[in-house]
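Biologist: I have a model open and want to learn how to read it. Can we go feature by feature?

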Amino acid sequence: MELLENRKRIKALSNDDKREKVVKALSQIVFDDAKILRMIQTFEEQIQLANSTDENKRSQTDLFWENTFVRGLFDGTECGTYLGMDLGGTNFRVVRVDMKDGKANTQTKYYNLEKKLLVGSSSELFDYIAVSLRSFLSEEIFPYQEVPLGFTFSFPSRQVSLKRSTISTWTKSIKCTDGVGLDSVSLLEEAIDRLGRDTFPVRVNVVARISDTTGTLLAGNLLDHECKIGLILEKWDTCYKDNDPSDKVVINCEFGALGDNGCLDFMKTEFDRELDRHSNHPGSYTFEKHYSGHYLGELVRLALVRLAADGLVFAETPCDKLSERWALTTSHVTDIERVTDGDSPTLQAFLEEFGVSSPSEDDILLVREVCELMSTRGAYIVATAMVVLLNHIDLPEVTIAVDGSLYEHHPKYHNNMASFIAKWRPQTKDALSGRGLLPR
């Protein structure tokens with residue numbers, strides 16, 4: 001990222017005093033080469049700890065670095081009808097997958113989770129999921145009496161086999177009163193039993209539990225066999241045996257919690273610390289809170305609050321709604337990032353929503369600048385992690401599969417990540433070229 005004082009919008013502010021104060025307030029957002037190099041070094045150190053055969057060393061890092069027990073990728077011969085279910089936040093989806101000769105046709109339905117389910121017992125949550133699954137099956141005609149189901153459960157879990165795992169913690173919007181230490185597949189199967197397996201139009205056989213990142217890798221590999229952003233490493237429970245002849249296994253590095261041990265404190269801003277204090281899970285998922293769609297809007301809001309407190313933005317028209325935590329969403333940021341210099345209605349609508357009817361030119365400049373700076377920082381931070389993984393894979397051509405609404409809808413996230421990877425890992429071709437990418 002270029003120096004703040006050289007950026008077009010900063011230079012366009014109305015006076016020198018304001019420019020100096022804005023630069024001082026926002027300089028902490030800039031993710032410069034020094035921070036990039038230190039993060040690369042830090043991430044590599046944490047990987048070495050996570051991949052150690054010494055349990056004491058592994059305990060020093062917050063990288064989960066889990067064995068997925070997925071022993072291979074697609075070879076183009078896959079056939080059959082399957083179910084997928086994805087639980088990762090306030091929505092979950094059920095997917096029917098019909099495969100023939102390695103090609104997939106899918107039908108997907110989304111289900112909304114009411115707020116009470118997010119904070120209630122795990123049994124209430126899974127009972128609702130089971131009811132929704134039965135409803136989905138009732139709307140489909142299946143060629144078999146039994147259908148295998150793969151469960152994408154996007155919460156940190158300790159995997160002990162392809163199917164079995166125990167929940168380490170709830171994250172994001174879900175804060176169930178129990179569930180930690182329990183098996184997510186068992187919770188699903190028990191909910192199906194409570195509902196009555198004979199009430200389902202076909203038998204459901206849960207065969208695998210994976211994370212969303214593993215699912216994204218597999219989906220990417222289905223479309224592009226160069227998609228290999230999974231590491232072949234030695235961490236393995238020697239007590240686990242299976243009949244698969246492969247000498248490879250997919251590893252889920254699960255780096256959302258990177259930094260919980262303090263190793264990333266050097267890159268935290270006052271906005272990161274404030275967000276963490278008022279998040280659902282203070283002190284955890286440090287890395288994810290720097291870049292993910294769940295938090296980007298709040299980071300922008302906190303930066304604007306700081307500027308407003310210093311009298312640098314909304315000085316003439318107070319913005320009361322800006323003081324409401326989480327009121328500014330990542331969707332707002334994405335909409336503002338789409339605005340061009342000649343397109344003011346979108347930005348005007350945003351400002352009116354926040355009670356600013358007559359913004360100054362400086363107000364408009366700074367709202368756009370903060371959205372761009374925070375978005376770019378987030379893209380660079382996650383791209384830095386990709387560079388470290390590409391260094392480990394060390395192949396001349398690798399495709400990265402990317403999933404998620406932030407990547408899909410943000411107009412600049414892809415380009416920022418692609419340019420960053422091209423600079424810091426130029427020896428890998430087409431790492432983020434757009435080919436094989438999988439936005440939702």
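Biologist: How many bridges join strand β3 to β4, and do they run parallel or antiparallel?

Modeller: First, the general idea: strands of a sheet pair through backbone hydrogen bonds, either parallel or antiparallel. Here, ten bridges join β3 (residues 91–100) to β4, and the two run antiparallel. Two strands count as paired if DSSP finds at least two bridges between them. Strands (E, at least two residues) and helices (H or I, at least four) are DSSP runs, numbered from the N terminus.

Biologist: What should I know about the model itself?

Modeller: It is a predicted model: local features need pLDDT of at least 70, side-chain atom pairs count only at pLDDT 80 or more, and totals for chains, interfaces and linings use all residues. Residues are numbered from 1 along each chain as its sequence is written, and side-chain values use heavy atoms, with hydrogens and water left out.

Biologist: Which residue is the bridge partner of Lys-100 in β4?

Modeller: Lys-103 is that partner.

Biologist: In what order do the strands of the open sheet lie?

Modeller: Five strands form it, in the order β4-β3-β2-β5-β8, with mixed pairing. β4 (103–112) and β8 (203–210) are the edge strands, each pairing on one side only. From one strand to the next, the twist averages 25°.

Biologist: Which helix packs on the sheet?

Modeller: Helix α8 (residues 212–223) does, touching β3, β4, β5 (146–153) and β8. Contact means heavy atoms within 4.5 Å. The direction of α8 makes about 100° with that of β8. Angles run from 0 to 180 degrees between N-to-C directions; axes are lines fitted to C-alpha atoms, for helices over the stretch in contact.

Biologist: At what angle do the axes of α13 and α15 cross?

Modeller: Helix α13 (residues 361–393) and helix α15 (residues 413–424) cross at roughly 45°, and their axes come within 8 Å. They are therefore oblique to each other. Under 35 degrees counts as roughly parallel, over 145 as roughly antiparallel, 65 to 115 as roughly perpendicular, and the rest as oblique.

Biologist: Which residues make the contact?

Modeller: Among them are Ala-379 and Val-387 of α13, and Phe-420 and Trp-424 of α15. By class, the contact of α13 with α15 has twelve nonpolar, five polar and no charged residues. Ala, Val, Leu, Ile, Met, Phe, Trp, Tyr, Cys and Pro count as nonpolar, Asp, Glu, Lys and Arg as charged, and the others, Gly among them, as polar.

Biologist: How do α11 and α13 cross?

Modeller: The axes of helix α11 (residues 330–338) and α13 cross at roughly 110° and come within 9 Å. That makes α11 roughly perpendicular to α13. The α11 side of the contact includes Ile-336.
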